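Subject: The structure I promised you

Hello,

Here is the structure we talked about, ready for you to open. Have a look around first, and then read on for what turned up in it.

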Number of protein chains: 2
Amino acid sequence: MLNFDFYNPTHIVFGKDRMSELDSLVPKNSNILITYGGGSVNKFGTLDKVLANLPDRKIFQFGGIEPNPQYLTLMKAVEIVKNEDIDFILAVGGGSVMDGSKFIALASCYSGNALNLLNPDSPLAPVDCAIPMGTIVTLPATGSEMNNGAVISHNETKVPIFSIHTFPKFSILDPTLTFTLPKTQVANGIIDTFIHTVEQYVTYPVNAGFQDRTAEGILQTLIEVSDTTLNNPEDYDARANLVWCSTMALNGLIGSGVPQDWTTHMIGHEITALFGIDHAKTLAILQPAIWKVRKEKKKAKLLQYAARVWNITDGTDDEKIDLAIKTTSDFFESLGVSTKLSAYGLNEKNIDSIIASLAKNNRTALSETKDLTLDICREILIKAL
Amino acid sequence: MLNFDFYNPTHIVFGKDRMSELDSLVPKNSNILITYGGGSVNKFGTLDKVLANLPDRKIFQFGGIEPNPQYLTLMKAVEIVKNEDIDFILAVGGGSVMDGSKFIALASCYSGNALNLLNPDSPLAPVDCAIPMGTIVTLPATGSEMNNGAVISHNETKVPIFSIHTFPKFSILDPTLTFTLPKTQVANGIIDTFIHTVEQYVTYPVNAGFQDRTAEGILQTLIEVSDTTLNNPEDYDARANLVWCSTMALNGLIGSGVPQDWTTHMIGHEITALFGIDHAKTLAILQPAIWKVRKEKKKAKLLQYAARVWNITDGTDDEKIDLAIKTTSDFFESLGVSTKLSAYGLNEKNIDSIIASLAKNNRTALSETKDLTLDICREILIKAL
């Protein structure tokens, strides 16, 4: 096991009807900025519920945070925070709203040019405070509700950013708030959670029993509930399992003391920035291709994954690994998500621009062993066509 | 899945040579009280290392916290905290030192009679602050390093106590600090961790996929490393897995959103208080007997435990459960720990006093369904003879 630090002070408030506790969770006498995305929190009444549970408070609102939240949009909220002396941000939505709100919280405390906070080479924000925030989660996917990271978009680039100051103070996770999600977003959430997990698990073994088995438990639970929660969204327990797995997949727990390989996300971010393909859908395309190309490097963990997650134990090592990769692709396809670039109209010619973006952002030595070059990225993208 | 809150702000500092970071972890300009137990932190140089890593600090020491820390002992430390304006407590040791230090931290902030804090009917301490504390863990067992609970002994009674203010600010978990532990204490640590896990897992099913599989992962990891870490204590990875499982078994994670059954600990505490038998050894005696008596109530989860933890899938339900219980007993015995009261010289006559203690402390409706009466306790104790 590798040395590690684990620190996660977010208070999780999980379950049915927990929004009724909102008033006791948001500090008294705060000037509150409620942040949200498009119309769904209005359409399905979530915003009304939030307001009803914060009576007699000084509340400002900032809607319109887009998927892949944009720097220029978020800076408009920073102006509100500064002008209205906002001292608590309440993010109501999914990963984009939560991520965007973390950036707002940081940039509002930064006296320099906020663009300096978006540095692909140095995601740790050079800021020694942030406006405190809470979240109300309407989409299980990114885990942003229980971590201190965010991904912000600007000029066709997605930039990760984090800070010790951006853990939400609390996150309300009421699975019933996610019942109205369209099927495609639930499928995206399952895939995002699945990929977060394997990026911290399918690397090389370091004898970390708890972390490995917890990662396997998340994957097995996702596989177990995916069909039910996709096709019967109001099955509370299935959805609750998806929501909790999403949070647990990216709160630092399963990544503590083990190698991590964020290649899938790094290449995926470039594809989303260039072609607007949903984040999770880029991951479903890339993961099987990455494993095919990195089969030897990841052999021991791919065999463990095959055996413990999919119960694949017959055949040669190669056969077991190939079947595990195919079974993973089939699982993604069963959720209605393609695993091929060509399904989104991309072809070999588009690969050059993806490689150019990776080069521009210095993504030239990816993976858990820092030896996944741009040439290997190209090989992966060709396999993913 | 049941509704739940999860909040755990302890910063875990895990791995080899992490004590070198101590100076940056303890707040500057603190008056520090270092608390510890018997002679082993002196004998094996741990205390010297602690002092060497806190140069130029104002340090007081309080040693002699006994196993099952006693109220009267701890109150002597409270005097030091008050007289010397201590504003940080550094606990160096195992569960007893950490638990005792939590009580010192609370009682030092309490203006009333500190005995009021020991109320078997109301473990939540009526205190709105505590002296901040950190821990350096030398014994993997209780999980006290990452929770806010403690068990304090007074007048032949063990009383649980907790508070939102007693989460350690940090805990240094360096597995090498535990290499010198005697075998019997390592066995106790394995059993304590195992029982903490099953008390949050072998109840009734509520469809909590992540929690169940994480609990199973802890049990499987313990079973996997126990022989190695017992007989080859300097095998770093085996010990690191034990240390991390111990912490994870009782930090709130696997108990979130599921029923819990602390019967084993409740009866065990009385046996320790009356007869001085090691805490973990009482658990090893009681758990198989409890499962035998509560077989029907716990049927679904015992079958899941049999299949997923021990791979017991053949036979009738009864046969599978009986074999799972026997295999668990055999596992404890393989660690050199007896699973019978008679091994400690206790017989049927001693059961009356255990029942009387349970009655005195109002432990009359135990278990996840609150229907485990004193008569059933007696039945369990007879099975455990």
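To get you started: what is the place of B:Asn68 in chain B? B:Asn68 sits in the loop between strand 3 (58-62) and helix 4 (71-83) of chain B. Before we go further, please keep in mind that this is a predicted model. The model scores ipTM 0.97 and pTM 0.97, and chain A averages a pLDDT of 97, with 100% of the residues scoring at least 70.

The phi of B:Asn68 is near 55 degrees, a positive value in a residue other than glycine. Most residues other than glycine have a negative phi. B:Asn68 counts as partly exposed because 19 C-beta neighbours lie inside 10 Å, and the cut-off for buried is 20 or more.

A:Asp56, which is not a glycine either, has a positive phi of about 55 degrees. You will find A:Asp56 in the loop between helix 3 (46-52) and strand 3 (58-62) of chain A. A:Asp56 is exposed, because 6 other C-beta atoms lie within 10 Å and 12 or fewer is enough for that class.

In what order do the 12 strands of the open sheet come? The order is 3(A)-2(A)-4(A)-5(A)-8(A)-1(A)-1(B)-8(B)-5(B)-4(B)-2(B)-3(B), and the pairing is mixed. Strand 3 of chain A and strand 3 of chain B are the edge strands, each pairing on one side only. On average, neighbouring strands of this sheet are turned by 25 degrees against each other, direction ignored. Helix 4 of chain B packs on the sheet, where it touches strand 2 (31-35) and strand 3 of chain B. The direction of helix 4 makes about 165 degrees with that of strand 2 of chain B.

Strand 1 (residues 4-14) of chain A and strand 1 of chain B run antiparallel and are joined by 7 bridges. There, A:Asn8 stands opposite B:Asn8. Within chain A, strand 5 (residues 133-137) and strand 8 (residues 170-173) pair in the parallel sense over 3 bridges, with A:Thr135 opposite A:Ser171.

How many residues does each chain bring to the contact? Chain A and chain B bring 32 residues each. On the side of chain B that touches chain A, strand 1 (4-14), helix 7 (209-231) and helix 8 (236-249) each supply at least two residues. Helix 7 gives the most, with 10 residues. By class, this side of chain B has 15 nonpolar, 11 polar and 6 charged residues.

Next, a pair of helices in chain B. The axes of helix 11 (residues 299-310) and helix 12 (residues 317-334) come within 9 Å and cross at roughly 65 degrees, and the crossing is left-handed. Among the residues that meet there are B:Leu302, B:Tyr305 and B:Trp310 in helix 11, and B:Ile321, B:Leu323 and B:Thr327 in helix 12. The contact of these two helices has 8 nonpolar, 1 polar and 3 charged residues.

Leaving aside neighbours within four places in sequence, B:Gly149 is in contact with B:Pro160 and B:Phe162. B:Gly149 is partly exposed, with 19 other C-beta atoms within 10 Å.

Enjoy exploring!

Best wishes

Note on methods. Residues numbered from 1 in each chain as written. Chains lettered and ligands numbered in written order. Predicted model: local features only at pLDDT ≥ 70, side-chain atom pairs only at ≥ 80, totals over all residues. Contact = placed C-beta atoms within 7 Å. Helix = DSSP H or I, 4+ residues; strand = E, 2+ residues; numbered from the N terminus. Nonpolar A, V, L, I, M, F, W, Y, C, P; charged D, E, K, R; others polar. Pairing = 2+ DSSP bridges. Axes fitted to C-alpha atoms, helices over the stretch in contact; angles between N-to-C directions. Left-handed = near helix turned anticlockwise from the far one by under 90°. pLDDT = per-residue confidence, 0-100.
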